[in-house]
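Below is a short briefing on one protein model.

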Amino acid sequence: ATHVHTVLEASFGLHLFPGDMTHSETRTSWWKEGMIGFGVGVLYGTTSVLVGHPFDTIKTKMQAQTGFERMNMVTAFRTTLKREGIRGLYRGCIPPLCGSGIYRSVQFAAFEAVYTYLDN
């Protein structure tokens with residue numbers, strides 16, 4: 001371990017090398033851990049879209065929609081809410097909502113299952 005690694009670990013509890021990764025709880029079977037990872041991945045994927053999609057909508061309007069190109073983000077947000085309501089902020093969110101939920105659930109499930117399988 002380098003000096004920086006030692007300082008980061010001592011000061012902040014940060015582990016920089018994969019060999020340092022640990023889980024404090026007892027790991028059950030690989031498929032149970034995979035299913036837990038799947039559920040957590042669905043929650044993470046959908047939550048990230050629900051929080052981030054309005055920002056993407058406003059950014060896209062500012063880049064491409066006539067009348068929004070000279071607005072700042074707050075003004076564009078207010079204008080969208082006034083004209084279209086909350087639905088205007090989430091227009092087009094179903095494909096990324098499904099895609100992100102599927103992508104993250106598979107990613108988390110595979111990681112947890114493989115990690116547990118190799119750890120046992």
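Apart from residues within four places in sequence, Ser 100 is in contact (heavy atoms within 4.5 Å) with Gly 45, Ser 48 and Val 49. The model is predicted: local features need pLDDT of at least 70, side-chain atom pairs count only at pLDDT 80 or more, and totals for chains, interfaces and linings use all residues. Residues are numbered from 1 along each chain as its sequence is written, and side-chain values use heavy atoms, with hydrogens and water left out.

- Ser 100 belongs to helix α5; helices are DSSP runs (H or I, at least four residues) numbered from the N terminus.
- With a relative accessibility of 16%, Ser 100 counts as buried, a term for under 20% relative accessible area, against over 50% for exposed and in between for partly exposed (1.4 Å probe, protein chains only).
- The side chain of Ser 100 reaches the backbone oxygen of Gly 45 at a distance of 3.1 Å.
- Ser 105 also lies in helix α5, which spans residues 94-119, and is buried at 2% relative accessibility.
- Not counting residues up to four places away in sequence, Ser 105 touches Gly 37, Phe 38, Gly 41 and Val 42.
- The C-alpha atoms of Ser 105 and Met 35 are 9.0 Å apart, although 70 residues separate the two along the chain.

**How α2 and α5 pack**

- Two packed helices are described by the angle between their axes and the distance between the axes.
- The axes of α2 and α5 come within 6 Å and cross at roughly 150 degrees; axes are lines fitted to C-alpha atoms, for helices over the stretch in contact, with angles from 0 to 180 degrees between N-to-C directions.
- α2 and α5 are therefore roughly antiparallel to each other, the term for angles over 145 degrees, while under 35 is roughly parallel, 65 to 115 roughly perpendicular and the rest oblique.

**Thr 57 in helix α2**

- Thr 57 sits in helix α2, residues 30-64, and is buried, with a relative accessible area of 11%.
- Leaving out residues up to four places away in sequence, Thr 57 touches Gly 88, Leu 89 and Arg 91.

**The largest nonpolar core**

- This core has 5 residues: Ile 58, Phe 68, Met 71, Ala 76 and Leu 89.
- A nonpolar core is a set of buried Ala, Val, Leu, Ile, Met, Phe, Trp, Tyr and Cys residues joined through side-chain atoms within 4.5 Å.
- Beyond its neighbours within four places in sequence, Ala 76 is in contact with Ile 58, Met 62, Phe 68 and Met 71.

How values were computed: Helix = DSSP H or I, 4+ residues; strand = E, 2+ residues; numbered from the N terminus. Polar contact = N/O pair within 3.5 Å; in protein donor to acceptor, adjacent residues only side chain to side chain.
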